[in-house]
Amino acid sequence: MATRTIQYETVVETVERLCIESCYELPDDVLKALKSAADRETDERAKKILGQLIENASLAQQERIPLCQDTGLTVVFVEQGADVTISVPDDDPKLCITDAINEGVAKGYENGLLRKSIVAEPLNERTNTKTNTPAVIHYSIVPGDKLKITVMAKGGGCENKSRFKMFNPTDTKQTVSNWIIDVVRQAGANACPPFIIGVGLGGNFETACLISKKALLRNIDDHNPVQFYAEMETELLEKINDLNVGPQGFGGNTTALAVKIETAPCHIASLPVAVNIECHSHRHKSQIL
Ligand code: SF4
């Protein structure tokens, strides 16, 4: 198959737009889940808070303002078709798709009036880069001639409450589930519930964390295609909603909107588990070029 060329500038413009739109517009499935939760909620205060979150989402979309003051660390998932190349500007042939993505993030955060939250290094001076870059970018090479770019604006408060643990391979579903529920309990109000919970089971140290984040990108209504894990998602969601953390931590039966489990093959000696906590401001948007 002939190679398809996508212009560097097209990637920049796409990422800029995705950054702005993801911070202004709550995805339809998340909004629908908030509305269903508000209908089901039996605690009056929790119902009222869910109503405020829905109103906040509607105002952000209409007024073109961010859903939350924390406009997040930009996580970008790229699925690049093996038959796609990115053409770079003639005057700077050393540029590549990573530069285009970071340029798009910087433009999006500047032109969308989004808070820039990234510091250049973590422990010494913590100087703000003032561009919200560098983004965290995950690349996959896939068959075909398309380029799919997904931008996620990941809040700091909920990311701080995410956890990883190595279990023994002999540990049971019950043991793993109890730990996942405890991670959510400890996240509590500080991570801005109701949550979407991404769970990565298997892989190795870094893969479990990565798939727990990728799990968040699934449609809120879907289930893991394997019945064992689909049932585990349902059971976990029920138990998490029995914690009485509730919207914004004020109690109620809506602590999470969904639990998404992703799995990967792992070593016979290992059972890695990661929980990525996502707040109600679940901002992500994709574009296929
Ligand atoms: S955790 Fe989410 S809702 Fe809470 S402040 Fe951060 S981005 Fe905003």
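Mentor: About 60 Å³ of space lies in the largest cavity. Keep in mind that this is a predicted model, where local features need pLDDT of at least 70 and side-chain atom pairs pLDDT 80 or more, while totals for chains, interfaces and linings use all residues. Residues are numbered from 1 along each chain as its sequence is written, and side-chain values use heavy atoms, without hydrogens and water.

Trainee: Why is it called a cavity, and not a pocket?

Mentor: On a 1 Å grid over the protein atoms alone, a 1.4 Å probe fits in a cavity but cannot get out, whereas a pocket is open, with protein on both sides within 12 Å along at least five of seven lines. The volume is the space filled by probe spheres set on the points, which are joined across faces, edges and corners.

Trainee: Which residues line the largest cavity?

Mentor: Leu26, Leu53, Asn56, Ala57, Leu67, His280 and Ser281, each with an atom within 4 Å of a point. That lining splits into four nonpolar, three polar and no charged residues. His280 and Ser281 also turn up around the ligand.

Trainee: How do you know where the ligand lies relative to the domains?

Mentor: Domain 1 (4–22 + 67–154) and domain 2 (156–282) both contribute to its shell, so the ligand lies between them. Those bounds come from an automatic or database assignment. The shell includes Cys68, Asp70, Cys158, Cys192 and Arg283, each with a heavy atom within 4 Å of the ligand. By class it has five nonpolar, five polar and two charged residues.

Trainee: What makes strand 7 (residues 195–202) largely enclosed?

Mentor: Buried means under 20% relative accessible area (exposed is over 50%, partly exposed in between; 1.4 Å probe, protein chains only). Eight of the eight residues of strand 7 are buried, so the rest of the structure largely encloses this strand.

Trainee: Which strands pair with strand 7?

Mentor: Two strands pair if DSSP finds at least two bridges between them. Strand 7 has eight parallel bridges with strand 8 (residues 256–264) and six antiparallel ones with strand 9 (residues 271–278). Leu201 is bridged to Thr263 in strand 8, while Gly200 stands opposite Ala274 in strand 9.

Trainee: Which element gives the most to the lining of the largest pocket?

Mentor: Helix 7, with five residues. That pocket holds about 390 Å³ of space.

Notes:
Nonpolar A, V, L, I, M, F, W, Y, C, P; charged D, E, K, R; others polar. Helix = DSSP H or I, 4+ residues; strand = E, 2+ residues; numbered from the N terminus.
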